[in-house]
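These notes go through the structure point by point. Please keep the sequence and the model open while reading.

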Amino acid sequence: MSPPAVVMMVLICGFIWGGFWAFLTRAIRREGDKQRVDQFSEG
Amino acid sequence: MSANEQFQSRWGLVLATLGMAVGTGNIWRFPRIVATNGGGSFLIAWVIFLLIWSVPLMIAEFAFGKRTRKGTVGAFIRIAGEGKGWMGGWVALCATAIMFYYSVVAGWCIRYCVAAILGELRGVDPEVFWESYAGTTQAFWTHAVALALAIGVVWFGVRGIERVAKVLIPTLVVLVVILAIRAVTLPGAAAGLEFLFKPDLQALGDFRVWLAALTQNAWDTGAGWGLILTYAIYMKAREDIPLNAVLIGFGNNAMSLLAGIMVLCTVFAINPGARDEIVGAGNEGLTFIWMPQLFAQMPGGRFFMLLFFLALSFAALTSLIAMVELAARNLMDAGLSRRRAVGIVATAGLIFGTPSALSLTFLNNQDWVWGVGLMLSGLFFALAARSFGVDRLRREVVNAEGADLQVGRWWSFLVAVVIPVEALVLMIWWLWGASVGKEASEWLNPFNPGSVGTVLAQWAVALVALLALNKWMSRKTMKGGESL
């Protein structure tokens with residue numbers, strides 16, 4: 001693969017897959033926080 | 001809202017919406033469009049439009065559904081006023097017209113899945129197999145099967161949709177990942193990655209590349225179709241909007257990238273000499289004629305062909321389910337019970353999908369007419385949000401309690417200004433492109449299935465009918481069903 005293709009692959013895949021992963025982990029964390037708050041208020 | 005008509009968890013909502021977004025377009029259209037539009041340069045434009053078209057519209061759709069708890073017609077009435085119910089009717093009509101032929105496409109995928117299981121494609125010329133199947137009564141029966149599967153899920157309400165999505169979407173992701181790994185490990189696959197990612201900076205000066213990127217984004221994320229709005233009806237009151245929207249937008253495009261890698265690496269590794277012919281063969285040609293040929297030449301090809309058509313079938317079915325739910329939801333808003341509404345949608349789908357099952361020309365005509373119509377749907381969402389007050393929608397719904405991200409004023413600007421401009425430019429370009437294309441002399445002939453004339457004629461009939469029925473539709477919708 002040529003260097004420009006490698007750079008573009010890293011940038012595009014990094015942005016899309018990295019972005020997806022970052023948003024997913026944030027959602028998982030926030031969901032965990034919400035469940036803890038709900039359990040606390042029920043208790 | 002009854003507990004039965006609500007997503008039980010955030011992940012149920014996210015997976016169902018991701019299932020709606022990830023369809024056959026991600027797997028069979030995206031690789032072709034990238035390959036014919038400058039590879040890496042196209043991807044830059046594609047990422048930009050994810051951020052300035054798809055994600056803002058997805059947020060708007062979530063906001064409409066969560067605020068109004070009504071299907072497309074009722075949501076447009078509640079957001080923009082009684083006079084604008086026809087706009088919601090247009091959104092519903094476009095998505096439903098697409099559903100009629102999409103169930104035929106889903107049927108094709110299921111048929112090829114069965115053929116891969118039974119080994120029917122072994123030793124057979126895929127072109128002969130395709131010719132003896134597409135457009136015949138066999139295609140009608142597979143259309144009926146696909147529709148029955150989708151109806152069977154929607155029959156049980158949002159709980160059925162959630163349960164199916166929780167199984168099919170993770171399986172789909174695993175299948176596509178396995179296929180992509182297999183493709184990149186084939187000898188010669190690096191040429192496919194080079195073709196996919198090599199930037200051609202000159203291509204960025206070509207407006208057609210930008211418009212192809214916008215079109216691809218609009219189609220493969222499902223933004224502006226009304227389907228996200230429909231699922232948002234069933235989200236919990238304290239559910240987040242912005243984080244879910246970006247998560248689904250990025251997740252959908254991550255799947256497209258995997259599909260692009262899978263298809264192009266397979267093509268380049270197995271038959272590099274025929275790459276132009278393969279990517280130029282159209283959606284059906286690439287998927288149902290070329291891919292079986294390529295898999296046949298690959299070690300363990302029968303197994304990977306089965307995984308490929310299984311992934312395609314899952315992608316098609318989860319999108320079809322969302323389209324059936326959209327149509328049924330509008331009927332339920334008019335006062336029908338879920339079962340009666342779903343029964344009507346099933347009957348209409350079977351009848352109106354039949355011409356597409358029996359004629360590829362008819363199917364391609366419907367794809368052309370209602371595919372362009374989706375741009376108008378996106379425009380209507382932006383206009384309705386403007387009527388309500390885009391910034392008010394942002395403050396009162398998008399950033400309301402439960403939001404995991406706070407959306408800034410940039411979103412209001414994108415929805416109020418950028419999206420209407422994008423939609424108008426895109427539609428004018430498409431119509432212009434058709435008017436100066438190969439059949440320029442025929443461009444206004446409404447009986448030519450690929451002309452601008454057929455688009456305008458069918459739109460005119462639909463718009464006149466919707467405007468004439470606007471008051472009746474508004475009365476039925478606002479009186480018929482109780483807000484959830």
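1. Arg386(B) counts as partly exposed because 17 other C-beta atoms lie within 10 Å. On this scale a residue is buried if 20 or more other C-beta atoms lie within 10 Å of its own, exposed if 12 or fewer, and partly exposed in between, with the C-beta atoms placed from the backbone. Arg386(B) is found in helix H17 of chain B. Helices (H or I, at least four residues) and strands (E, at least two) are DSSP runs, numbered from the N terminus. Between the C-alpha atoms of Arg386(B) and Val417(B) there are 9.3 Å, although these residues are 31 residues apart along the chain.

2. A word on the model and the labels. This is a predicted model, in which local features need pLDDT of at least 70 and side-chain atom pairs count only at pLDDT 80 or more, while totals for chains, interfaces and linings use all residues. Residues are numbered from 1 along each chain as its sequence is written, and chains are lettered from A and ligands numbered from 1 in the order in which they are written.

3. H17(B) has 29 residues, and its first and last C-alpha atoms are 42 Å apart, close to the 42 Å expected at 1.5 Å a residue. The expected span is 1.5 Å times one less than the number of residues. After H17(B) comes Gly389(B), with a positive phi near 105°.

4. How do H17(B) and helix H18 (residues 390-398) of chain B cross? Their axes come within 6 Å and cross at roughly 80°. Axes here are lines fitted to C-alpha atoms, for helices over the stretch in contact, and angles run from 0 to 180 degrees between N-to-C directions. That makes H17(B) roughly perpendicular to H18(B); angles under 35 degrees count as roughly parallel, over 145 as roughly antiparallel, 65 to 115 as roughly perpendicular and the rest as oblique. Ala385(B), Arg386(B) and Phe388(B) of H17(B) meet Val390(B), Arg392(B) and Leu393(B) of H18(B). Contact requires C-beta atoms, placed from the backbone, within 7 Å of each other. The residues of this contact divide into four nonpolar, no polar and two charged. Ala, Val, Leu, Ile, Met, Phe, Trp, Tyr, Cys and Pro count as nonpolar, Asp, Glu, Lys and Arg as charged, and the others, Gly among them, as polar.

5. Helix H20 (residues 452-468) of chain B has 17 residues, which should span 24 Å at 1.5 Å a residue, and the 24 Å between its end C-alpha atoms agrees. Which residues of H20(B) are buried? They are Val452(B), Thr454(B) and Val455(B). These residues lie on the same side of H20(B), because they cover an arc of only 160° around the axis; the arc is that of the directions from the helix axis to the C-beta atoms. H17(B) and helix H19 (409-435) of chain B are among the elements that cover them.

6. On the other side of H20(B), Ala460(B), Val461(B), Val464(B) and Ala468(B) are exposed. Val464(B) counts as exposed because it has 10 C-beta neighbours inside 10 Å. Val464(B) and Trp86(B) are 378 residues apart in sequence, with 9.7 Å between their C-alpha atoms.

7. Helix H7 (residues 137-155) of chain B packs against helix H8 (residues 157-184) of chain B at an angle of about 120°, with the axes 6 Å apart. This angle makes H7(B) oblique to H8(B). Val153(B), Val154(B) and Trp155(B) of H7(B) make the contact with Gly160(B), Ile161(B) and Val164(B) of H8(B). By class, the contact residues are five nonpolar, one polar and no charged.

8. H7(B) also meets helix H5 (residues 85-118) of chain B, where the axes come within 7 Å and cross at roughly 100°. H5(B) and H7(B) are therefore roughly perpendicular to each other. The contact includes Trp108(B) and Arg111(B) of H5(B) and His143(B) and Leu147(B) of H7(B). Its residues divide into nine nonpolar, four polar and one charged.

9. Chain A has one helix and zero strands. Its C-alpha atoms fill a box of roughly 60 × 10 × 5 Å along the principal axes, and buried residues make up 19% of its 43 residues.

10. Where the chains touch, 19 residues of chain B are in contact with 19 residues of chain A. On the side of chain B, helix H3 (40-68), helix H9 (190-197) and helix H12 (242-270) each give two or more residues. H12(B) provides the largest share, eight residues. The residues on this side of chain B divide into twelve nonpolar, three polar and four charged.

Conventions
Contact = placed C-beta atoms within 7 Å.
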